[in-house]
Amino acid sequence: MGKDTGFLELDRRERDYLDPKERLNNYREFVIPPGDDVLSAQASRCMDCGIPYCHNGCPVNNLIPDWNHLVYEQDWKNALDLLHSTDNFPEFTGRICPAPCEASCTLNIIDQPVTIKSIEAAIIDRGWQEGWVTPQVPEKKTGKLVAVVGSGPAGLACAQQLARAGHSVTLFEKSDRVGGLLRYGIPDFKMEKHLISRRCIQMEAEGVEFRTSKEVGVDISFKSLQENFDAVVLAGGAEDPRGLTIPGAEMPGVRLAMEFLTQQNKRNAGDDEERAAPRGTLKATGKHVVVIGGGDTGSDCVGTSNRQGAASVTQLEIMPKPPEKEDKALTWPDWPLKLRTSSSHEEGVERDWAVLTKRVIGDGERVTGLECARVEWVDGQMREIEGSTFTLKADLILLAMGFVGPKKAGLLEQAGVALTQRGNVDADTENYATSADNVYACGDMRRGQSLVVWAIREGRQAARAVDEALMGVTELPR
């Protein structure tokens, strides 16, 4: 694969980015794609590994060494075909996946992994530019009707695969636009939403019917789906947020990250303020913002707050600060625990670790501060450090502490499917069937909060399971 001596001759070279001062003026993507020659050279670094551990790291089983070699030879069309054989939406994963494949790359042992994510994004972007991405319309229809509930990455992947197998697929989405958290939870500066819209056009041509602003369990009963469809796939995600249970958390200045991010994405889509913010405008402009939660969603809140003109932004994490560099002998090829600094962090933020929030300070209507304390972790147990209490100035506190599972009211209550101890829909990864007849589940609704790339994998595999159950055989890949 690649050039035998490529990894010896060339160092890793990542994509370039616009200067933070320039990119903070808008919500557009700010990655500067490398030229074809640079990409070909970077692809040449892919070693002829005895065991390509990048396959281990990639949930959708991307054929990474194969399309790296094709890019090295500048055979972009065949590279695209190989990429699409395992991933329905590489323009999504090539932008927002944390790239566990690169962590598993053999060259990561010396901190020089192949730029797999950059190459993946370049392949699919080239495909769209050249007009190579076209609808794959089935030669014949099966006569089977399938309902997919939820249009996030799992639902989209599942619906597309089932439509290509010849089934008539209707995809139900409770929001006004298709995409789930892809559209409303991820800021435009990480992934612009025209990428989702053009996939929807492709999928409609393939036979998928989109029904937006239709919440199953509220606007449409689950029973009606069971009566009118041969199979139902639950792909509604894990949207039940982890709450903050401290005094003062009920004040209006303490808000969920997803509400904050969704409002801005709706504004970017052209919605007026009444439609974007039905519960009232939520903006960081001129405010001292504290983001609770050190993950990707917290990082997205940081980037959005800075673009809105926050007076200051502080991000808190209850866990200890990770090491700057992982112990390769201990972690490779698994995903390592180490300090990660996102592009949003580089744009300006104060980060603090091992911090416990104690009390929101304010007058009941307006937040003025957040009382915190230092903690230490001993044998996996958290202990507050005596005398370590301190107060942060805060006008707006954003909760980005993750999700505890799918919401139960409405859809899942009516579906009556069995749940796991963690509160997710109970279904295995072989047939994705739930405890209810002809009802399947995939993505975060089944596995809990996870990555977009895992959702795509589960959507594809669930589609195969449904196709096999309906037809007795299937040609869809796992």
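A nonpolar surface patch of about 230 Å² is formed by Ile318, Met319 and Met382. Patches of this kind join residues with over 30% relative accessible area and no salt bridge, with nonpolar side chains (Val, Leu, Ile, Met, Phe, Trp, Tyr) linked within 5 Å and like charges within 9 Å. The accessible areas come from the Shrake-Rupley method with a 1.4 Å probe, and for residues only the protein chains shown count as cover. The model is a predicted one, in which local features need pLDDT of at least 70 and side-chain atom pairs count only at pLDDT 80 or more, while totals for chains, interfaces and linings use all residues. Residues are numbered from 1 along each chain as its sequence is written, and side-chain values use heavy atoms, with hydrogens and water left out.

Helices (H or I, at least four residues) and strands (E, at least two) are DSSP runs, numbered from the N terminus. With a relative accessible area of 37%, Met319 is partly exposed; here buried means under 20% relative accessible area, exposed over 50%, and partly exposed in between (1.4 Å probe, protein chains only).

Salt bridges come next. The whole structure contains 35 of them, a salt bridge being a side-chain nitrogen of Lys or Arg within 4 Å of a carboxyl oxygen of Asp or Glu. One joins the side chains of Glu14 and Arg15, at 3.9 Å from N to O. Glu14 is partly exposed at 27% relative accessibility, whereas Arg15 is buried at 12%. Arg15 belongs to the loop between α1 (6-9) and β1 (16-17). The side chain of Arg15 also makes a polar contact with the side chain of Ser118, at 3.1 Å. Such a contact is a pair of N or O atoms within 3.5 Å; within protein, one must be able to donate a hydrogen and the other to accept it, and residues adjacent in sequence count only if both atoms are side-chain atoms. Leaving aside residues up to four places away in sequence, Arg15 touches Val31, Ile32, Pro34, Gly94, Lys117, Ser118 and Ala121, where contact means heavy atoms within 4.5 Å.

A second salt bridge brings together the side chains of Glu206 and Arg164, at 2.9 Å from N to O. Glu206 lies in helix α12 (residues 194-206) and Arg164 in helix α10 (residues 153-164), so this pair ties together parts that are 42 residues apart in sequence. Glu206 is buried, with 2% relative accessibility. Glu259 and Arg255 form another salt bridge, their closest N and O atoms lying 2.8 Å apart. Both partners count as buried, Glu259 at 15% relative accessibility and Arg255 at 13%. Elsewhere, a network of salt bridges links Asp111, Lys325, Glu326, Lys328 and Lys338.

Turning to helices, α21 (residues 452-471) has 20 residues and spans 28 Å from its first C-alpha to its last, close to the 28 Å expected at 1.5 Å a residue. The expected span is 1.5 Å times one less than the number of residues in the helix. Helix α21 is mostly covered, with 14 of its 20 residues buried. Just after α21, Gly472 adopts a positive phi of about 90°. Another helix, α4 (residues 54-57), holds Asn56, which is exposed at 59% relative accessibility.

The peptide bond from Trp332 to Pro333 is cis, with omega near 5°, and Pro333 is part of the loop between α17 and α18 (343-346). Positive phi values also occur in residues other than glycine, including Asp379, where phi is near 55°. Asp379 is found in the loop between β13 (367-378) and β14 (381-384), and is exposed with a relative accessible area of 76%. Asn438 likewise has a positive phi, near 60°. Its place is in the loop between α19 (411-415) and β18 (439-441), and Asn438 counts as partly exposed at 47% relative accessibility.
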